[in-house]
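Take a walk through this protein model with me. Keep the sequence and the 3D view side by side as you read.

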Amino acid sequence: MDKIISLCKRRGFVYPGSEIYGGFANSYTYGPYGAELKKNIKDLWWKIFVQSRRDMVGIDGGIMLHPRTWVASGHVEGFNDAMVDCKNCKARHRADHLIEGALNIEAEGLNEADLTKLIEENDVKCPKCGKKDFTAARYFNLMFTTQLSKTGDEDSTVYLRPETAQAIFLTYKNIVDSMRVKLPFGVAQIGKAFRNEITPGNFVFRLLEFEQMEIEYFIREEQWKGVFDDWLKSMHEWCELIGLHSEKCHEYEHPKEKLSHYSRRTVDIVYDFPFGRSELYGLAYRTDFDLRQHAEHSGKTLNYQDPITNERFVPHVVEPTFGVERSLLAILCDAYTEEILPDGDTRIVMKFAHHMAPVKIAVMPLMKKDGLDMIAEKIFDDLIIDYAVEYDDGGSIGKRYRRQDEIGTPYCVTVDYETKDDQAVTVRDRDSMEQVRVKIEELGEWLGQRL
Ligand code: GAP
């Protein structure tokens, strides 16, 4: 992870947040290439799961929803983690993770007394300072709150959404009334979610603010098993599409007793990150829990009426959910490659799938003079119409290739002195490092076939 984190900072993928103020724990800024990579992930997801499907529509809901949303959804009551503080070094830990790390047993969902007892009886040490002096475990809610400007005596507390899903449930009736959708159909959304997590610091794996790409797929109850299996398959296909090695992606079936309060079945797609196998995405059968809860709490009918039989019922829901930053992290980890070159040097290359790469082509004049730069600028201007292209004219050509390898640019196009004679350029392939001459007039088509 250290090598990947260092490359991310050095090459402009991910910077530590608020660094000039000494940093702000667990916050990050996505640099120019990280922002492009995130955008590629979100654009592809929207293309695949919304625009290419006749059974899907997309929305863009609010980060702040009516506060009663979170009472109905069960988050006010049950969206909690237990924490303990080290009295010596003041480090805060998630109690279940502390126990799992020290004792290699599952501790998620245990009550405060049991967590405290396990820590005390097994002499669990603080991973930061090594002392065994913790506060008792206590649960706290993971939702961030903020205050609206006061109106009268009303409670002005609002929550920042901890999942995008609820905006979809609140909009279900509007969509049924306005979009002529027929079961089964899905509603998708991409947006920020916020959780006041105690994080173990695995880079962008567990964040306080992150983006989710979520789908609530509305079905008849009896369809759930087939729909669930179909979505699991689609999620694996998605992992392949973004370039993850399939042997690093696995399934984890949540045991019945550990399911979230809304789920009757949950399977995670877990990925072999450098720090261990951990959750990448989730697939849950949420039943009709959310729509029923919102119907009860809002007093509104949230039925579906079958257009042929006129039968009315509350649809059930299968929910595939994808984290943007975890996608980014898995893509970065999967792409990171070190190769020993014949001269003994190590080459670091990010082997992104071409459609994920933040920069597709780098255009390089061998020298910034003798008209080579003018030819390169013309090629750049032609290519930027269709691709993310970078103009790179600083330093030796070898250094420029290395830099583009670390950014993961699939093709480097070099304009040299021969170009003036043969109207051709050298195109270098990122992965094989092979170089071929391509006529400038054929360059667009040549690259188009490969990208
Ligand atoms: N609506 C269901 C839901 O929110 P979740 O498993 O809690 O389920 C969904 O979250 C996905 O969001 C996860 O699979 C993960 O990719 C991402 N995610 C969750 N918490 C996160 C965090 N603190 N930081 C980054 N990504 C997170």
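Tyr417 lies in helix 13, which spans residues 417–422. Helices here are DSSP runs of H or I with at least four residues, strands are runs of E with at least two, and both are numbered from the N terminus. Residues are numbered from 1 along each chain as its sequence is written, and side-chain values use heavy atoms, without hydrogens and water. The model is predicted: local features need pLDDT of at least 70, side-chain atom pairs count only at pLDDT 80 or more, and totals for chains, interfaces and linings use all residues.

Is Tyr417 buried, exposed or in between? Tyr417 has 37% relative accessibility, so it counts as partly exposed. Buried means under 20% relative accessible area, exposed means over 50%, and partly exposed falls in between (1.4 Å probe, protein chains only).

Three strands form an open sheet in the order 5-4-6, with antiparallel pairing. Strand 5 (92–94) and strand 6 (138–141) stand at the edges. Each has a single partner strand, so one side of each lacks a neighbour in the sheet. From one strand to the next, the twist averages 45°. The axes behind such angles are lines fitted to C-alpha atoms, for helices over the stretch in contact, and angles run from 0 to 180 degrees between N-to-C directions. Strand 4 (residues 80–85) is joined to strand 5 by three bridges. Two strands pair if DSSP finds at least two bridges between them. Met83 stands opposite Arg94 in strand 5.

Next come the charges. Side chains of opposite charge can pair when their charged atoms come close. A salt bridge is a side-chain nitrogen of Lys or Arg within 4 Å of a carboxyl oxygen of Asp or Glu. The count comes to 36 salt bridges. In one of them, Glu311 meets Arg220 at 3.5 Å, N to O. The two are 91 residues apart: Glu311 is in the loop between strand 14 (304–305) and strand 15 (312–313), and Arg220 is in the loop between strand 10 (209–219) and helix 8 (224–241). Glu311 is partly exposed at 39% relative accessibility, whereas Arg220 is buried at 19%.

Another salt bridge pairs Arg428 with Asp405, with the closest N and O atoms 3.0 Å apart. Arg428 is in strand 22 (residues 424–429) and Asp405 is in helix 12, 23 residues apart. Both count as buried: Arg428 has 4% relative accessibility and Asp405 has 0%. Salt bridges that share partners join Glu339, Arg347, Lys351, Asp405 and Arg428 into one network.

Last, look at the cysteines. How many disulfides does the structure hold? It holds zero. A disulfide is a pair of cysteine sulfur atoms within 2.5 Å. The sulfur of Cys129 has its closest cysteine sulfur in Cys86, 3.6 Å away, so the two are too far apart for a bond. For Cys249, the closest is in Cys239 at 4.3 Å, also too far for a bond.
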